[in-house]
Amino acid sequence: MNIVIKNATIVDASSQFHQKQVDIKIENGIITEIFPEINHGNSDTLSLENLHVSSGWMDASVSFGEPGFEDRETIDNGLTTAAKSGFTHIAYQPNTSPVIDNQSIVSFVKSKAAYHATSLHPIGAFTKNQEGTDLSEMFDMQNAGAIAFGDYKKSITNANLLKIGLQYVQDFNGTVIAFCNDATIKGKGVVHEGIASTKLGLKGIPPLAEEVVLARNLFLLEYTGGKMHIPTVSTAQSVAMIKEAKAKGLNVTCSVAVHNLVLTDEVLTDFDTRFKVNPPLRDTFHQQALINGVLDGTIDVITSDHCAMDIEHKKMEFDMAKDGTIGLESAFGALLTKLPLDVVVEKFQAAKYLFLKEFNTIKVGQKADLTLFDPSKEWTFTKTDILSKSKNSAFLNHKMKGFVYGIYHNNKLIIK
């Protein structure tokens, strides 16, 4: 399709048009003109209030359910939701049934995602069936389109297996995603161990459960070499250890979930299971350390950690409820209440550089991979704003700043 996007303020520090208001002409998916004013001719036009445009965003951790858990979310509706939430790419977690642990399942989910505006990039499981016993077919999966390898929300308890995996993936430049949580220290904990857990009488998860595994994983990385990504860090000490590891020259990156940046365990007073997530919401001390880690560059990526969950697993006692919150629809508006616009945009784009090796910028001749938004609109997130099949959002009735209009990607325009 051919279109002229009118009066758009560019948010792209690498572009010569950064912070300038321009028209953008796109023909057959390629940016062909950028000028203060363009005669649209026979092209369609798009004009939106206070329109800002950046290079497209990628969410580094998304769980829908298909195949196996289509009652939670389908790939089709999930990708439409992602597009309307501003994401042109998503990294798709392997917690499906069957698990994404071989090239056939990688090919299946990619085929289901074909022809969507938002591109789906599978994460292959690190071990077969995510059981932590035997390595999966990582080389074959990468050839089929997997971008990294990790067991979703599961630590690799066998240190030697992680060592061998880190050594193995170096032969084909693979990346290991290593979630950090010691199940024996966590025990039956369901929330952050602190004042709130004590007041509520809920079993706590100490920060140590994350930190002791992270320390081990960083030692293994130092020994083996290779590339490791630490997903959804949640404690001050985790940030400090990763900062030190980077200073040593280790090839390590990390992400943080939107809800861990925006919310704290103070929201748990009503035992609402929408706030039961893994890692848990921490207190303000750890929240501020995470924000500082984002601002100083220690934390590379912000993810929604979108995890669709059916109502049967959320509408139950707090101790018994499943972890997880959906987050695609609320990610941008929630983050702008805590972080500057340029930081949010940068951290939403960083996963493309880490996993896809794409360095897109807004310039003539470039493929149009764009996110469209209004950074100043204030609004409240309600049930009517949820586009996902599952409704387990931690941000219901949360005041937002910034509104996503949609995306242009894969020669398709998707607008709410």
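How many bridges join E18 to strand E19 (residues 412-415)? Four, and the two strands run antiparallel. Some notes on that and the rest follow.

1. Ground rules. This is a predicted model, where local features need pLDDT of at least 70, side-chain atom pairs count only at pLDDT 80 or more, and totals for chains, interfaces and linings use all residues. Residues are numbered from 1 along each chain as its sequence is written, and side-chain values use heavy atoms, with hydrogens and water left out.

2. Strand E18. Helices (H or I, at least four residues) and strands (E, at least two) are DSSP runs, numbered from the N terminus. Strand E18 covers residues 399-409, and nine of its eleven residues are buried, meaning under 20% relative accessible area with a 1.4 Å probe and protein chains only (exposed is over 50%, partly exposed in between). Strands pair here if DSSP finds at least two bridges between them. On that basis E18 pairs with strand E17 (residues 370-380) in the antiparallel sense, over eight bridges; Ile 407 is the bridge partner of Thr 371.

3. The E18-E19 hairpin. His 409 stands opposite Lys 412 in E19. Two residues sit between the strands of this hairpin, and Asn 410 takes a positive phi near 55 degrees.

4. Helix H7. Its 17 residues (208-224) should span 24 Å at 1.5 Å a residue, and the end C-alpha atoms are 24 Å apart, so the two agree. The expected span is 1.5 Å times one less than the number of residues. Gly 225 follows H7 and has a positive phi, near 80 degrees.

5. Thr 232. Look for Thr 232 in the loop between E13 and H8. Thr 232 counts as buried because its relative accessibility is 4%. Leaving out residues up to four places away in sequence, Thr 232 touches Lys 153, Phe 179, Glu 210 and Asp 305, among others; contact means heavy atoms within 4.5 Å.

6. Cavities. On a 1 Å grid over the protein atoms alone, a cavity is a set of points where a 1.4 Å probe fits but cannot get out, while a pocket is an open set with protein on both sides within 12 Å along at least five of seven lines; lining residues have an atom within 4 Å of a point. Grid points are joined across faces, edges and corners, and a volume is the space filled by probe spheres set on the points. The structure holds five cavities of 30 Å³ or more. The largest cavity has about 90 Å³ of space, and Thr 232 is one of its lining residues, as are Lys 153, Phe 179 and Asp 305. The second largest cavity has about 70 Å³. Of its 13 lining residues, Ala 60, Ser 61, Gln 93, Ile 177 and His 229 are the closest to its centre.

7. The largest pocket holds about 650 Å³. It has 32 lining residues, and Tyr 152, Lys 153, Met 309, Lys 322 and Asp 323 are the closest to its centre. The second largest pocket has a volume of about 350 Å³. Its 16 lining residues include Arg 274, Lys 315 and Lys 391.
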